[in-house]
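Visitor: I would like to learn how to read a protein model feature by feature, beginning with the general idea and then turning to the case at hand. Please start with the strands.

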Amino acid sequence: MAAQGGEDGEPVFHTIPINDVATAALTAFAIIAALNAREITGEGQNVETSLAAATTLYQFGELTGYAGRPPNPPGSRDCIGFAGLDRYYRCQDGWLTLACTTPAHFEALAGALDHADWLDRWNGATALAEPRDGALAAEIAAAFAQRRRDEAIHALAAAGVPTLPVLRGDEVQRTEFFWENGYFQLHAHPSYGELIAGRGFAEFNGAPARFERLHPELGEHGVEVLSDYGVPRERIIELAQARVIFRG
């Protein structure tokens, strides 16, 4: 939360339940390791974890301290990166991200954007140290602002510059890669027609991970739930007539 708030100085709640999902994933891995150990040793294993333990593990880099350790990079409510060569940039019709980590990447970037003059003012080491909102970043931003995103990415990739498009939600749903790799599935909704929904977080041999049903509509399963709990049919009818339960 502190990283989310970052430069604004206020913690910002992260709406994605990273702790919950990550702890579940670690537990699944631990169970697999325990089964493997049982196959090797013949002894059963006890697996324990907690949200706090998983959080500490996943943030061990930020929680480790030593003399001379540089500070954690600050985030912000709209964090676009942490350095001039490691951040998002706006193009004419969208955004892209740079992930330059070597002097060669910077040299290739300067060449791809027709800015050989950058090499006269920054060498590889100084360019990599340039801040997110520094002079180099301003010039890179001005260069990308004149180009269309996909054309810029094509030129950068051809030059060996690490870059990718920043996809909007609707773009992701139209990208074949995500369909081919099982990120989405289709549902037939009685009122809204065909809906695109996300699939599960993991895939297992012989047991595809997917949500078989959409979330229930308002009051959709009231009768079924009460029946499962043993409420007599006559009582369910009384509740329906009194509008205590209803179908949306």
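Guide: Two strands are said to pair if DSSP finds at least two bridges between them. With that in mind, and remembering that this is a predicted model, take strand 2 and strand 3, which form a hairpin with two residues between them. The two pair in the antiparallel sense over four bridges, and one of the pairs of bridge partners is Arg-90 with Trp-95 in strand 3.

Visitor: How many bridges join strand 1 and strand 2?
Guide: Two bridges join them, again in the antiparallel sense, and Gly-81 has Arg-87 of strand 2 as its bridge partner. Here too there is a hairpin, with two residues between strand 1 and strand 2.

Visitor: In what order do the strands form the open sheet, and which of them stand at the edges?
Guide: The order is 1-2-3-4, with antiparallel pairing among the four strands. Strand 1 (81–83) and strand 4 (163–166) stand at the edges, and because each has a single partner strand, one side of each is left without a neighbour in the sheet. From one strand to the next, the twist averages 40 degrees. The partner of strand 4 is strand 3, to which it is joined in the antiparallel sense over four bridges, and there Trp-95 stands opposite Val-166 of strand 4.

Visitor: Which helix packs on the sheet, and which strands does that helix touch?
Guide: Helix 8 does so, touching strand 2 and strand 3, and its direction makes about 35 degrees with that of strand 2.

Visitor: How should I read the sides of a helix, and which residues of helix 8 are buried?
Guide: An α-helix has 3.6 residues a turn, so residues three or four places apart point the same way. In helix 8 (residues 135–145), the buried residues are Leu-136, Ala-137, Ile-140, Ala-143 and Phe-144. They cover an arc of only 125 degrees around the axis, and therefore lie on the same side of helix 8. Among the elements that cover these buried residues are strand 2 (86–91), strand 3 (94–98), helix 5 (103–112) and helix 9 (149–159).

Visitor: How many residues does the largest nonpolar core have?
Guide: In soluble globular proteins, nonpolar side chains tend to be buried together. Here the largest nonpolar core has 24 residues, and those with the most contacts inside it include Leu-96, Trp-118, Ile-140, Phe-144 and Leu-156. At least two residues of this core come from each of strand 2, strand 3, helix 5, helix 8 and helix 9. Leaving aside residues up to four places away in sequence, Leu-156 touches, among others, Leu-96, Leu-98, Leu-109 and Phe-144.

Visitor: Is His-189 buried or exposed?
Guide: A residue counts as buried under 20% relative accessible area. His-189, which is found in strand 5 (residues 184–189), has a relative accessible area of 10% and is therefore buried. A polar atom of its side chain lies 3.1 Å from the backbone nitrogen of Tyr-192. Not counting residues up to four places away in sequence, His-189 touches Leu-195, Leu-214 and Glu-217.

Visitor: And is Phe-13 buried or exposed?
Guide: The cut-off for exposed is over 50%, and Phe-13 counts as exposed because its relative accessibility is 60%. Phe-13 lies in the loop between helix 1 (2–5) and helix 2 (18–41). Phe-13 and Leu-214 are 201 residues apart in sequence, and from C-alpha to C-alpha they are 27 Å apart in space.

Conventions
Residues numbered from 1 in each chain as written. Predicted model: local features only at pLDDT ≥ 70, side-chain atom pairs only at ≥ 80, totals over all residues. Heavy atoms only, no water. Buried < 20%, exposed > 50% of the residue type's maximum accessible area, 1.4 Å probe, protein only. Arc of directions from axis to C-beta. Contact = heavy atoms within 4.5 Å. Core = buried A, V, L, I, M, F, W, Y, C linked by side-chain atoms within 4.5 Å. Axes fitted to C-alpha atoms, helices over the stretch in contact; angles between N-to-C directions. Polar contact = N/O pair within 3.5 Å; in protein donor to acceptor, adjacent residues only side chain to side chain.
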